[in-house]
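Have the structure open beside the text as you read.

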Amino acid sequence: MGQTIAQKIIAAHLVDGTPQPGCEVGLRIDQTLTQDATGTMAYLEFEAMGIPRVRTELSVAYIDHNTLQNGFMNADDHRFIRTVAKKIGVRYSRPGNGICHQVHLERFARPGKTLIGSDSHTPTAGGIGCLAIGAGGLDVAVAMGGGAYYIPYPKSVLVRLSGALRPMVSAKDIILEVLRILSVKGGVGKIVEYGGEGVKTLTVPQRATITNMGAELGATTSIFPSDEVTRAFLKAQGREEDYIPLCADADAVYDEVIDIDLSALAPLAACPHSPDNVRTVRSLSMTKVDQVCIGSCTNSSYTDLMAVAAILKDKTVCPDVSLVIAPGSRQVLSMLSANGALTTLLNAGARILESACGPCIGMGQSPNSAGVSLRTFNRNFEGRSGTRDAGVYLVSPETAAASCLTGFITDPTTLGTFEPVPMPEAFPINDNMIDLPASADEYESVEVLRGPNIKPLPQAQPLTDTMTLPCLLKVGDNITTDHIMPAGSKILPYRSNIPHLSQFCFEVCDPDFPARAKAADGGFIVGGANYGQGSSREHAALVPLYLGIRAVIAVSFARIHKANLVNAGILPLEFEDPADYEAVSLGDTLVLCGIDEGVQNGRVTLTNQTTGRTFCLRCDISSRQADIIRAGGLLNYTREKNR
């Protein structure tokens, strides 16, 4: 039986485990990336392991999230990341050089390699044939130290593409169609591969848009073949030597196959407040628009923004609409500047933001009260924009550009046709904003500089066989990491200060939770299905740990967050019967029994002491994860193994 693309890369990097569904596998990691919202913690964790230098082929630290210099906190964190990167052997991409995923795709990602990043949209590099997976910062730190990265061996989904996109229909519409079919839970435990004749019609930036937003499926990752289109992109980036051909075997077997005819797609939009709430743009045509944001790691490539410039040429943005555009990298921005497209955008009334995540992560540009914001981003969770009652729609650059002209959500196919933007034969290469680390002879003399905002890591309590603690919070289905630990300019500067950060934990669900948790001597959180979907931020586990949470009991978990809970030393438990979720209320006293044995055999007994009901919970973790829980988290486990 033949192999899929992902199975080939996994087989070539397998260091532990059996490659079959239901088993956990450990992979050798070639590359890592961090960004500044998660990077400070990752490097503090790397330092705590006592390993002097990284052992990967390549590790890069990007500054792209916390770029608003409002107070000393972000600047101090950037200085810490810059100096620690120089000392431990990590390249440092300076502020303004671009969004991590866009820059990594341009300059570093390679077909057939493994990459993990402390950002959930790391699968962007799957557009170039790289097995790229989002992970918690501690998992990235372990990989930088030469340790394996562990995942449940995933199932395989083939999205078979046929035909070609019509004019003004884009790659964003493809991934929105996949989300419409699979939902935000449909990719959990799976790798999504793209194949079929339609793949050949898509450029690497288009493929990267699709793999980037594949994170919203809950998938382990998404990946495209590495073919002549890939070779042409790498050649244009001056690194054709990185190319290798890579495709699935003709007789590869997939667990699921989805067929999409590209020629039949229409422009789509994800409506508030979920990326899978997908409708056609045409059906939303009477919706008035207040704001349009174009950019993010999903849709900020050169070809994306050239398409926007073509639509806006010699026109003016509707006076009722605020338009902001953030090029994804300095390379993209310099190309737009050189060819005059930047002037076109400015003349149309666009406000140009720096090459960073910006509004996507809640760093500025919040919409007006109850405003409608069209964004070419990947997430539209409630409140993520910084305005709680805003209606955020996720659309393609073409739909965004058309809509900012009319003032209403507008199907771009109604504007007529525009010449497709050709891929450049050569990109301008300038890596002078990527600092190299100190050499092996010099690194010991590098001083790591820390600001007062950097606080110690919280420590897990020892595991006990029985816990009797209150339910301190009960939440519903599809709770995101934005619910647990919000982003935004008010909160992100405190990513390295867990005590301060804790006062914002779950504030969008229950503003009294932090005070209630601090007043208790430990407790549990109860959640619904797909608990922890969204970003890879391990703060969504570290902050509850600091607040005394010993276990999270849910109907089901998102992959990265479940791993982060284990890494933090928090038990992730699942209701054996989902209906039992209804039998627990906020404030109930819960008794967990048989924990020592349960982390090994997969069953823990829960008694609701308040109601007298008893039922079973699944402890669906590997034997390695059980050892991590017993050790009080991955950091302790790793230190013990390295002794």
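Helix α12, spanning residues 397–406, is mostly covered, with eight of its ten residues buried. Buried here means under 20% relative accessible area, exposed means over 50%, and partly exposed lies in between, using a 1.4 Å probe and protein chains only. Helices are DSSP runs of H or I with at least four residues, strands are runs of E with at least two, and both are numbered from the N terminus.

The buried set consists of Pro 397, Glu 398, Thr 399, Ala 400, Ala 401, Ala 402, Ser 403 and Cys 404. What do the buried residues of α12 pack against? Their partners are the strands β15 (291–294), β16 (322–325) and β18 (372–375), along with helix α9; contact means heavy atoms within 4.5 Å. Just past the end of α12, Gly 407 adopts a positive phi of about 85 degrees.

## About the model

This is a predicted model, in which local features need pLDDT of at least 70 and side-chain atom pairs count only at pLDDT 80 or more, while totals for chains, interfaces and linings use all residues. Residues are numbered from 1 along each chain as its sequence is written, and side-chain values use heavy atoms, leaving out hydrogens and water.

## A helix with one buried side

Now turn to helix α10 (residues 330–339), where Gln 331, Val 332, Met 335 and Leu 336 are buried. These residues cover an arc of only 135 degrees around the axis, which puts them on the same side of α10; the arc is that of the directions from the helix axis to the C-beta atoms. Their cover includes α4 (100–107), α9 (302–312) and α11 (341–348).

## A loop arginine

Arg 28 sits in the loop joining β2 (24–27) and β3 (31–35). Its relative accessibility is 40%, so Arg 28 counts as partly exposed. Leaving aside residues up to four places away in sequence, Arg 28 touches Ala 12, His 13, Val 15 and Thr 114.

## The whole chain

Stepping back, the chain contains 20 helices and 27 strands. Of its 643 residues, 64% are buried. Among contacts between residues at least 6 apart in sequence, 76% join residues at least 24 apart. The C-alpha atoms fill a box of roughly 70 × 60 × 60 Å along the principal axes.
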